[in-house]
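Visitor: Please take me through one part of this model closely, and then show me how its surroundings are arranged.

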Amino acid sequence: MRMIRTQQNGPILEILIDRPERRNALTDAMYREIDQALKAANANPECTAVILHGAGGHFTAGNDLSEFQMPQNSRDVGSIAFLHTLADIDVPVIASVQGQAVGVGVTLLAHCDFVYADQTAVFRLPFVSLGLCPEGASSYLLPRLAGPRLAAQWLLHAQPFDAAQALEGHLIHSIEDDPLATARACAKGLAAQPSAALRASKRLLKANDRPAVHQVLDAEAAVFFERLKSPEAQAAFQQFFTRKG
């Protein structure tokens, strides 16, 4: 069963995370599929926008925690490859958010060019509460988007926050009744622009930050995968799975 569905509508690529029974929790294989879809979009000179959204009323509950129980090597993990690609892509990326946006479901938004959410959206960065640390270059990008105070609140307290606070912290562009319709309208507007100029302009907008983002992504990943082995993290996972059971 395919859990990542892609649809090419002219110059616009839609990527749907389709695992609603798990609130679209992402596995390594799913990350790799999204990664390949983004690379294909970037290699297609006619592609002017990518829309990322989730099925079943949720964006994504983040990483499937069951995979954290397996041996991990930060040099060969689909999530890290995906995040590097997302940080590097020259095609504008638009996210439509409803319901749960957890962990990487929040950190990936900092790499998107346009983000729209509705009132059902609930955001959470639970890394510290799981004995882990920030990922996705969020320790670099979130202070720049939201300011150091709000970024510290989100990352260190690890508590949920709503769309209004996400808007206050510039994580999203606007709160919409139908964020996917708004994302598609945004993509249509981008498609009206000359595609090469669009990509060149995004490349210039990102140029100063990209080297730092890639460096921080790898630095965070090294600490993250060390933290996975820690007694704190293992105790948090055991508690999580006991509660789920």
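In E2, which residue is the bridge partner of Arg5?

Guide: The bridge partner of Arg5 in E2 is Leu16. The model is a predicted one, in which local features need pLDDT of at least 70 and side-chain atom pairs count only at pLDDT 80 or more, while totals for chains, interfaces and linings use all residues. Residues are numbered from 1 along each chain as its sequence is written, and side-chain values use heavy atoms, with hydrogens and water left out.

Strand E1 covers residues 4–9 and strand E2 residues 12–17; they run antiparallel and are joined by six bridges. Helices (H or I, at least four residues) and strands (E, at least two) are DSSP runs, numbered from the N terminus, and two strands pair if DSSP finds at least two bridges between them. Two residues lie between the strands of this hairpin, and Gly10 takes a positive phi near 60° there.

Elsewhere, three strands form an open sheet in the order E5-E7-E8, with mixed pairing. Strands E5 (100–102) and E8 (161–162) are at the edges with a single partner strand each, so one side of each has no neighbour in the sheet. E5 runs parallel to strand E7 (residues 122–124), and three bridges join them. Val102 stands opposite Arg124 in E7.

H10 gives the most, with six residues. By class, the lining of the largest pocket has 21 nonpolar, eight polar and seven charged residues (Ala, Val, Leu, Ile, Met, Phe, Trp, Tyr, Cys and Pro count as nonpolar, Asp, Glu, Lys and Arg as charged, and the others, Gly among them, as polar). A pocket is, on a 1 Å grid over the protein atoms alone, an open set of points where a 1.4 Å probe fits, with protein on both sides within 12 Å along at least five of seven lines; lining residues have an atom within 4 Å of a point. Points are joined across faces, edges and corners, and the volume is the space filled by probe spheres set on them.

The second largest pocket holds about 530 Å³ of space. Of its 25 lining residues, the closest to its centre are Ala110, His111, Cys112, Asp113 and Lys206.
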